[in-house]
Amino acid sequence: MAAAAVTVTTPQGAQEVFARGDLLDALAVLRLAGVDVQFAAAAGSYNASAGDHQVQFTPGGSLAVVDGRLTRLPGPLRQLEGHVVCAPATAAVLLAPFGWTLSGSDASLELAHASAGEQIEVSVVRAPTGTTLVVRGTKQRPQVAATRGAVALLFATPVTLAKPIAPEAELLGGDLRGTTLTLRLAPGAEVANTYPLDDPPRFVVRLGTAAPVAAVAAPRAGPLVVLDPGHGGGDQGAKGPGSELEKDITLAVARATAAQLQAAGVNTRLTRDGDDTVSLTDRTALANRLQATVFVSIHANASLARGAHGAETYYMSADASDAQAAQSAARENASASPDTVQLILWDLAHVANLNNSARLARSIQERLNELQGIKDRGIRQAPFVVLTGATMPAALVEVGFLSNPDEAARLALPDTQQQIAAALAAAIVAYLHEPTPTPATSPAGTPTP
Ligand SMILES: [Zn+2]
């Protein structure tokens, strides 16, 4: 028999909170911590806020936006008997930005103010051997996520900044959100390596020439396009009424697109060139290792609405632009479990790439609209996990709906696949030839949740 309530001890005394099995009412626990929780009907998500901190989350999802940053939760949030419930570990992650901890067993939990943790200070140290960023006051070895222009340190336990980070020639600034310290580097400054030191305890980020990633990349003169045929191997993706498989259609379209791009003189690589199982992480890892210019993931859609038809192009966003976009992302993310470092890397890279990703997606959508005789279908944003690992402009295209019997039959035809491939190749070539607009935002600015 599942428990109907769990006792939560708070500084104000013991409180009963709705619970079923090991799941408890997340909204009730947040409110016990003095956090205001509102439902945003337009977004279908909850917005929890207190002081300067905000957390958005969606029942049915395992991702939250914590102070503007996409974060993976330990487990999903669910709707249950009119409550939004989750495991205590997930509730603890939602509470952390507001300075609260949740600990104890399933039967009895304790809600308490978090200790402020280690007091850290960041300074720039210049020496004949090179320049380092020194984080004093920590005995931790944070996880490090570095990209061009920024480095993020992910601490395991709470830290606070003893004083604001002063800009210097090499260090443009930084901020601490939750337990993630992000440092923005001057142009040309890159992370060479990181290490902890004792007496006094500190963590060092050495700046210099980044590891020679280019050494493993094929030498090339022009741009490189990485095409990602969705699914493959044991993961067949969506299935049409005539047993058309998404994994077969995506591979055929990707191969044909690659052939057209190569014919146009554009170097192209596929993340798989057979019926292989490839993890979402490995797909973008290939693009990153090759320092690809763009990454395009190719999929086919499914919808409960049988009449749904036509192509849809997405670029990565923490939030879905509409319900259909959220549904597509939820379906494509089913096999994914991004780690936090991957999400942070995306967060660091995507603001700089956002304009270009939108431009790439728009170029693709316009040509597929022309091909399929669809007027004015716009591009959409959604949190597609396969795009989170890409450190270059990236888009995901659903070339049509396999759930629509007519469209599924057409998508399985080599002629249709060639036409879609021609449209995709033309769109990518047009994107590559457009002049690059100057990004309007700073490379590591705060994304709008
Ligand atoms: Zn798919």
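**Notebook: aromatic pairs, strands and a helix**

I counted 2 aromatic pairs in this predicted model. I then looked up the accessibility of both residues. Phe39 has a relative accessibility of 48% and therefore counts as partly exposed. Tyr46 has 11%, so I noted this residue as buried. Next I turned to Tyr46 and Phe57, which form a stacked aromatic pair with 5.8 Å from centre to centre and 15 degrees between the planes. This pair links distant parts of the chain: Tyr46 lies in strand β5 (residues 45-50) and Phe57 in strand β6 (residues 53-57), 11 residues apart. I found both Tyr46 and Phe57 buried. Through the ring pairs, Phe39, Tyr46 and Phe57 are linked into a cluster.

**Entry on the hairpins**

I followed strand β1 (residues 5-10) into strand β2 (residues 13-20); the two run antiparallel and are joined by 6 bridges. They form a hairpin with 2 residues between them. Opposite Val8 I located Gln15 of β2. I then checked β2 against strand β3 (residues 23-25), and these strands pair in the antiparallel sense over 2 bridges. Leu24 in β3 is the bridge partner of Ala19. The hairpin of β2 and β3 also has 2 residues between its strands, and there I noted a positive phi near 60 degrees for Gly21.

**Entry on the open sheet**

I traced an open sheet of 4 strands in the order β15-β16-β19-β18, with antiparallel pairing. β15 (143-147) and β18 (171-177) stand at the edges; each has a single partner strand, so one side of each is left without a neighbour in the sheet. Gly174 has Leu183 in β19 as its bridge partner.

**Entry on helix α3**

I examined helix α3 (residues 246-263), which has 18 residues. From its first C-alpha to its last I read 26 Å, close to the 26 Å expected at 1.5 Å a residue. Among the buried residues of α3 I listed Glu246, Lys247, Ile249, Val253, Ala256 and Leu261. Just after α3, I found Gly265 with a positive phi of about 85 degrees.

How values were computed:
Residues are numbered from 1 along each chain as its sequence is written. This is a predicted model: local features need pLDDT of at least 70, side-chain atom pairs count only at pLDDT 80 or more; totals for chains, interfaces and linings use all residues. Side-chain values use heavy atoms; hydrogens and water are left out. Two strands pair if DSSP finds at least two bridges between them. The expected span of a helix is 1.5 Å times one less than its number of residues. Buried means under 20% relative accessible area, exposed over 50%, partly exposed in between (1.4 Å probe, protein chains only). Rings of Phe, Tyr and Trp (its six-membered ring) pair if their centres lie within 6.5 Å; planes under 30 degrees apart count as stacked, over 60 as edge-to-face and the rest as tilted.
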